[in-house]
Amino acid sequence: MRRADPGLLAEGDTPRVAALNELGRRVDRWAHRGIEVSRLHPYDDPPSGAGEFFEDPAVVPAVAGIYGPVHVGRFPDGREFLDYDACVPVYRRWQALHLYEVASGGLKVLHAPDWATGRALAGALRGQAEGDLPEVFAWHHRKVLHAPDWATGRALAGALRGQAEGDLPEVFAWHHRKVLHAPDWATGRALAGALRGQAEGDLPEVFAWHHRYDVSSFAKHRQSLEAANWFETYAQRALNVAESEDGADGTFVIAGLAYESLTQEEARVAEEALSRHGVVECDVTRMIRWAAERAIEHQDAGRPRVEEAYRELVEGAIRLLKARGMEFEQIAAATGGPDGPLRELFPDWLAEQHESAMGTLRHRVLPDLTASLGQLLPTPTEADAAVFLAWLEANDLIQVFWHFGALMAFHRRHDRHAVAAAGREVLGMSAAVEHMANALGSTESTLYPKLKELWSGTGRIPDVMERMRQQGVLRSHSEAEFRAKMAMLRTVLTAPGDELACRDLLEAVLIRNHAQHRALGFMRKPELVEAFVTLFRAAFLTWHAVSCRRADPLLGAPR
């Protein structure tokens, strides 16, 4: 957007002044709820007479001094107000990223004195890592200093810090990929004069390696980038003006008809974003793949802020496609599938936690049950464990996997807050065990009768459970009592089969009751992890017992 300047606003040019005043008023009012939600932003739809003050940098060539200061008449008495910008850049977010890439995009080049040496050098270097190459120092994109090895290069870089351009030997760039090295200014100027007009094949060759930016991709995906940013701007405004109610925790809630209206408005904005910029969904998925690849490159290079900017660009494009009815899994499949860059940038959380749960089953649960079940039940296998995890997903018991992920996150921390948080995940798993019991068909109200009901008909389990309940092992009122009852269960119930299986179930009930009513703050982190595994083992063992009795395909084949 070009600001008003004396060349555009002549004295007494009332219509143009009025148009700019109206533009300012519309910009101020646009975000207010009183304005129709489908109204375009004034910069996208300027009022009559104000459009001439806007320029698209992709269409209008850059002019020297476009950002220089100009004098603009701002006061009735004719005094001039010094404005330090002749042009106000109105950036889409992707344009700021493009600017960063260009501004930070140094070149790594290797100098060869002739064609034969150059070709040999290029062949030898293919596939080598950046650290194995001699270093070339880039300066202002078009000036480079060549160092034959790392030691000389580092010394040269140290010596040149802070020096002005005129103090450096010059290297003349030609067609961006061919450069000629001159040791000093005089030789450089003479060489430049002699080479003017010569063909590329007559020049000694320099091989460029590892460009740090890719201008052509921004041009290639420009319309998709514009569409994604358009959607982001107008979808955010639709959210801002949606009817909402204050939530109990200080948030705002959009529900009912207001939520349906918001969803419809997002769909309308998404359709307009695509049609206005002449793209379709597959164009946007191609842009997503490219932006995700760039995000990963910056992540690997240790530039988290740039990586985050690309990530947000990807997220905005994903929201656009979701407003068009696509699910994330469809978008991921269209951008490379499970091994594509989108999945690398946004890993499959459930798959990761699924693997964590399988690791616990494989290394902590199945070996214990192999030794403890005796003749009570067939020994469960890793295939049974996989069916169990699939059953959890099929019954929307995803919170089980959440507790695995959260516990592992806190397991890597060592402060007292991490211990309290780990205790909270144990409590969450105890609730999840009850939910699993419900999914298996229990109709009882609390965990102990649920487990007793589900184990009915399997060995002497219900009888052993009831005998121990009558001895008061299911409740505790202090740390000492809790530890005493856990020790009692492990001392009394030792025989393989009914007793060891029953011990797992009763320990789970005792952990659940104390966590629910007294908390587990007295436990150390290793104890909390062990309690978590006990709860998970009891849940798997109960599922296994039920699956051995039923022919329900979701529970596995009958034994």
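## A nonpolar surface patch

Patches are made of residues with over 30% relative accessible area and no salt bridge, nonpolar side chains being joined within 5 Å. In this predicted model, one such nonpolar patch on the surface is formed by Trp-349, Ile-398 and Trp-402, which together have about 290 Å² of accessible area.

Of these residues, Trp-349 is found in helix α13, which covers residues 349-372. The relative accessibility of Trp-349 is 33%, and therefore Trp-349 counts as partly exposed.

Helix α8, spanning residues 256-277, contains Glu-265. Because its relative accessibility is 11%, Glu-265 counts as buried, the cut-off for that class being under 20% relative accessible area.

The side chain of Glu-265 is joined to that of Arg-268 by a polar contact of 2.6 Å. When neighbours within four places in sequence are left aside, Glu-265 is in contact with Val-37, Ser-38 and Ala-238.

## Confidence in the model

Across the protein the mean pLDDT is 75, with 68% of the residues reaching 70 or more.

Where pLDDT is low, the predicted coordinates should not be read in detail.

Notes. Residues numbered from 1 in each chain as written. Predicted model: local features only at pLDDT ≥ 70, side-chain atom pairs only at ≥ 80, totals over all residues. Heavy atoms only, no water. Patch = residues over 30% accessible without salt bridge, like charges linked within 9 Å, V, L, I, M, F, W, Y side chains within 5 Å. Areas by Shrake-Rupley, 256 points an atom, 1.4 Å probe, with all protein chains shown as cover. Salt bridge = Lys/Arg side-chain N within 4 Å of Asp/Glu carboxyl O. Helix = DSSP H or I, 4+ residues; strand = E, 2+ residues; numbered from the N terminus. Buried < 20%, exposed > 50% of the residue type's maximum accessible area, 1.4 Å probe, protein only. Polar contact = N/O pair within 3.5 Å; in protein donor to acceptor, adjacent residues only side chain to side chain. Contact = heavy atoms within 4.5 Å. pLDDT = per-residue confidence, 0-100.
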